[in-house]
Every structure is written in structure tokens, then in C-alpha cells.
Amino acid sequence: MTWERAAVQLADRVTGQAPEWHGAVSGTPRHQLVPRWWERVPDSPGEEWELVSPAPLSEKHIAAAYRDETLVTRVGPDHADEAKPGDRAKGSPTSSSTLPGLVVSMAHLLDAHPGEDILDVGTGSGYGLALLSHRFGDRHVTSVDVDAYLVGAARSRLAELGRTPRMEVLDATGRLPEGRYDGILATVSVRPVPESWLRALRPGGGLVATIAHTALLFRAEMGRDGVARGSVQPNPATFMETRQAADYPPRLQAQYLIARDGEGETVRRITGAVPDLWQDWPLRWLYELDTPGTEVRSARLPDGRHLVWLLADDGSWARAEAGGEATVHQSGPRRLWDRLEAVQRRWDAAGRFPLHALDVTLTPDGGTLGGPDGWVLRL
């Protein structure tokens, strides 16, 4: 199997609803942009990853590069390019080559046209950037990333393919490169939507992005009044959050050790079932929108108990225990479980509407999601 044939087969699979992107996918050698990557070690304690470094153009390399799957290229501060055979990494992914089908669907949703100027937020491996450059032309595409190594590696690899889009190293939540754009495509998640993005978007221009700590993908269009309006899309998508350093801040492990089996300042019985926030994703996302930054953990114990922890960096925590008499322990300045129950009750009363019923309004002063039954959530 040659890479050219594999790329055509990939294009056939992922561009059925977006035929205008077939040429870009079939003509882009993804294997050259992702020579090595990390794969999660099965059944390993914690988040442990092993290096995958196949021989160039080997069967393994071609098969992986042209599957419609995400390839994780950076874990914590460790990039696969700089790892040695046998190395392992620990932590959360901090960069990847997003699955091609998702990049194509988002680019199709953007609804931009050749000759228009596009901003790509989150250079990563450069694969999405390569697709954009193929269709819109190098001089019409700008890409930004906070990581200097990622930008340098992508620039070199794209140059080998004859691609020379504009690329800059910067924090995309702050000031952007000079210029205005007809479309902004973000393969990192944000909250709030940066004011600089709205200032950079021309009237009629589209913005496609995801809301941090959720899988809510939205498209908004900039109006002549400086307000971008749109809606959450039916198909969810998950991206890493924008970061300002080599790695994300540490998880709330110290807080978890307190909440794991500690006695709460308040303890009460729970009426009704304890929600499984890892299965009931819409409730979890609504709760995140209502009470941002709450870390969720859960476990099912051999004795059948289901435990859910809610943790916040202000010292608030809650532990719900289901099994026998369901109880919740809560401590700190806020009662996190009470707030979750309030969100759940209101959503139930509104008929548990699908989250793609939410409208998006973005202004330089902030953004909101509006839904049925008078729901308004600030971004």
C-alpha cells in the first residue's frame, strides 16, 4: 500500500459530506507530518504512554497515519520527536494530530471559500494546516500555536511538502497576528472566546471552535454590529484546552486525597439516583457551564458502591456515595453537589433538551449560551 493510495482511501472515507475537501486529504502525506507518536499503555497505573516509532513508509506507519484516528504527539512536556526508543511518558496529552474526519467536518462547517483568509488556531502536527493551505493557498492561511517546537517542526515539514503558510508562536488567547480573517478554525478549546478572535473576524466570517471542558462544538458568524451569533452543533468534539505553558496545571490531587474518604462539613442523604457524570455527558457539560472548573472523578468499588467526587480549586469538594442509603459529603466555601442537583432539576423541568438547541452569542464583553425555558449560561 503506497501512501498515495492510502490517502485516497482516507479521503473517500472522511469527505462524503464534504467533497470539496477530497483533493486536500488525498494530496496530503500525513505520515510525513507525524513520523512518531505516543500510545497509551493498556492497564498501566496512571496515564502512561509508550513511544511508537515505525520505520518510515513501513506498513505500520502507513496504516496508522491514514486511519481516521487521532495520533497523540506530545504528553505533558514530552514530544514524541524528542523521545528515545523504549521511552515512556506520563500525564495528559498536550498536542496531537487530530483525526482527519473531524478536521474535515469542522472545515466544512466553517464554510469558507478559496481566496478568503483563514486563521488556524492550534498548529499541532501541521496536518490540519496542510489541508487548509492545500485548499485556500499558502498566502491565505495563518496558523498560531503557543509551543515554539511545534511551530518549528510543522514549518520544516510543511516546507518539505512545498507549503509555506504564515506561522507564528503566540498565546492565541491574547493578541493575534496583524490582519483580519474570513474564517477562524480552532482545534483547541476555549472559554471564554477571546476578544481578539472577534476583533480579527470580518463581518460575515465564520468561527468554529469548542468550549473548554465540554465537547460542545459551535459555529458562529460575525455580524456587522460586531456580535457573532450561531449555535451549538449536533455532533460533539473534544479538544485540548488552550495553554500558556509547556504543560497544563496539575490536577487537584491534594484536594482529592482530602475528599476521597473524609468527613464533610455537611452530610445528608440523596433523594433519587446518583448521576453517572461519565455516562450522562450532557448533564456534565451543563454543570461545567454553570459551575466552571469543577473536576469530576468517579469510581465503582467491588462492593457495588458508586462514588462521585466534585473538586474545585477554592477548596470546595463533594463526595456522593451510591449504594444502600445514598449520601453526599460536602465541604468548603461552596456546596458543589447542591449546585449539580439544581442544574439537574432545572434541566429535567425543561424536558432535558438536546444541547444543540443552545444558541451562541459572542461579544467583546463576553459570550452566552441561550436555551429553552429561559436558560442563559455565560461563557
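## The second largest pocket

Let us start with the second largest pocket, which holds about 480 Å³ of space. Its lining has 37 residues, and those closest to its centre are G122, G124, D145, T187 and V188. By class, this lining has 17 nonpolar, 15 polar and 5 charged residues.

A pocket here is an open set of points on a 1 Å grid over the protein atoms alone, where a 1.4 Å probe fits, with protein on both sides within 12 Å along at least five of seven lines; lining residues have an atom within 4 Å of a point. A volume is the space filled by probe spheres set on the points.

## About the model

This is a predicted model, in which local features need pLDDT of at least 70, side-chain atom pairs count only at pLDDT 80 or more, and totals for chains, interfaces and linings use all residues. Residues are numbered from 1 along each chain as its sequence is written, and side-chain values use heavy atoms, leaving out hydrogens and water.

## The largest pocket

The largest pocket has a volume of about 1700 Å³. Among its 40 lining residues, S92, H213, E241, Y248 and R251 are the closest to the centre. The lining divides into 18 nonpolar, 10 polar and 12 charged residues.

## The sheet

Next comes an open sheet of 10 strands with mixed pairing, in the order β9-β8-β7-β10-β11-β12-β13-β19-β20-β21. Strands (E, at least two residues) are DSSP runs numbered from the N terminus, and two of them pair if DSSP finds at least two bridges between them. β9 (166-169) and β21 (376-378) stand at the edges with a single partner strand each, so one side of each lacks a neighbour in the sheet.

Technical notes: Nonpolar A, V, L, I, M, F, W, Y, C, P; charged D, E, K, R; others polar. Helix = DSSP H or I, 4+ residues; strand = E, 2+ residues; numbered from the N terminus.
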